[in-house]
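Subject: Structure handover

Hello,

Here is the structure you are taking over. Please open it before reading on, and keep it open while you go through the notes.

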Amino acid sequence: DINFKVIRFDKRILSLRFEKYYYDIGAVHGLTHIYGFNYDIKNLKVINLEDLFTPDIDYIKQISKYCIKDLHKQLKVKDDAGIKEGASIDTNNFKDFAITEKSLIIYFSDYQLGCYAIGIQQVKIPFSKLSGLKL
C-alpha cells in the first residue's frame, strides 16, 4: 500500500509525505517506510536537503544534533544507541523530509532508530533553530 499526504502546496513549494507499507510472506509484521518529496515550483526542480542551506554551513551536524535531542525527549529516554546511530551525522539519515512554511520535518522509518517497537518518528525543526537556511 502507498498513501500520501500534502504537507505544503503554495506558489513556491510542493512538499509531500509518502507512506509505503509492505509485508513479506513469513514476516512477523509488515513495515512502513516514509518518503519525502519536495519540489521547487518556481524553479521547476526537486529540492534536496543541501539545496536549503548555504554551501558553507554544516547543516547535517545541526540537524543531527537537534534530532537526537528531540527524539530522546519524544521517546523519554536519556541515552539510546539506536537513536544516536539512526540520527547520526550521515546524509542518508535525513534524506526523507518535508518543508512547511515555518519548519523542516525529518522522517525516520521503521527500524531506522532501533527496534520495530520504536516505530515511525518525525522531528519538526523550526526554521529559527537552523543557521544558514536559504528559505
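The notes below cover salt bridges, pockets and a surface patch.

Please keep in mind that this is a predicted model.

Salt bridges

How many salt bridges does the structure hold? There are 3 salt bridges in the structure.

One of them joins D10 and R8, whose closest N and O atoms are 2.7 Å apart. R8 has a relative accessible area of 9%, and because buried means under 20%, R8 is classed as buried. D10 has a relative accessible area of 25% and is partly exposed.

Another salt bridge links the side chains of E19 and R17, with 2.9 Å from N to O. R17 counts as buried, at 13% relative accessibility. E19 is partly exposed, with a relative accessible area of 29%.

D51 and K45 also form a salt bridge through their side chains, at 3.9 Å from N to O. A salt bridge needs the nitrogen within 4 Å of the carboxyl oxygen, so this pair is counted. D51 is partly exposed at 24% relative accessibility, and K45 is partly exposed at 39%.

Pockets

The largest pocket has a volume of about 260 Å³. Its lining is made up of R12, I13, D40, K42, N43, K45, I47, D51, L52, K134 and L135. By type, these lining residues are 4 nonpolar, 1 polar and 6 charged. D51 and K45, the salt-bridge partners described above, are among the lining residues.

The second largest pocket holds about 180 Å³ of space. Which residues line the second largest pocket? They are Q62, K65, Y66, K69, D70, K73, K129 and L130. This lining divides into 2 nonpolar, 1 polar and 5 charged residues.

Surface patch

F4, V6 and F9 form a nonpolar patch on the surface. Together they have about 360 Å² of accessible area. F4 sits in strand 1, which covers residues 2-9. Is F4 buried or exposed? F4 has a relative accessibility of 56%, and because exposed means over 50%, F4 counts as exposed.

To find these places in the viewer, you could start with F4 in strand 1, go on to the pair D10 and R8, and then turn to D51 and K45 in the lining of the largest pocket.

Regards

Technical notes:
Residues numbered from 1 in each chain as written. Predicted model: local features only at pLDDT ≥ 70, side-chain atom pairs only at ≥ 80, totals over all residues. Heavy atoms only, no water. Patch = residues over 30% accessible without salt bridge, like charges linked within 9 Å, V, L, I, M, F, W, Y side chains within 5 Å. Areas by Shrake-Rupley, 256 points an atom, 1.4 Å probe, with all protein chains shown as cover. Helix = DSSP H or I, 4+ residues; strand = E, 2+ residues; numbered from the N terminus. Buried < 20%, exposed > 50% of the residue type's maximum accessible area, 1.4 Å probe, protein only. 1 Å grid on protein atoms, 1.4 Å probe; cavity = no way out; pocket = protein on both sides within 12 Å on 5 of 7 lines; lining within 4 Å. Points joined across faces, edges and corners; volume = space filled by probe spheres on them. Nonpolar A, V, L, I, M, F, W, Y, C, P; charged D, E, K, R; others polar.
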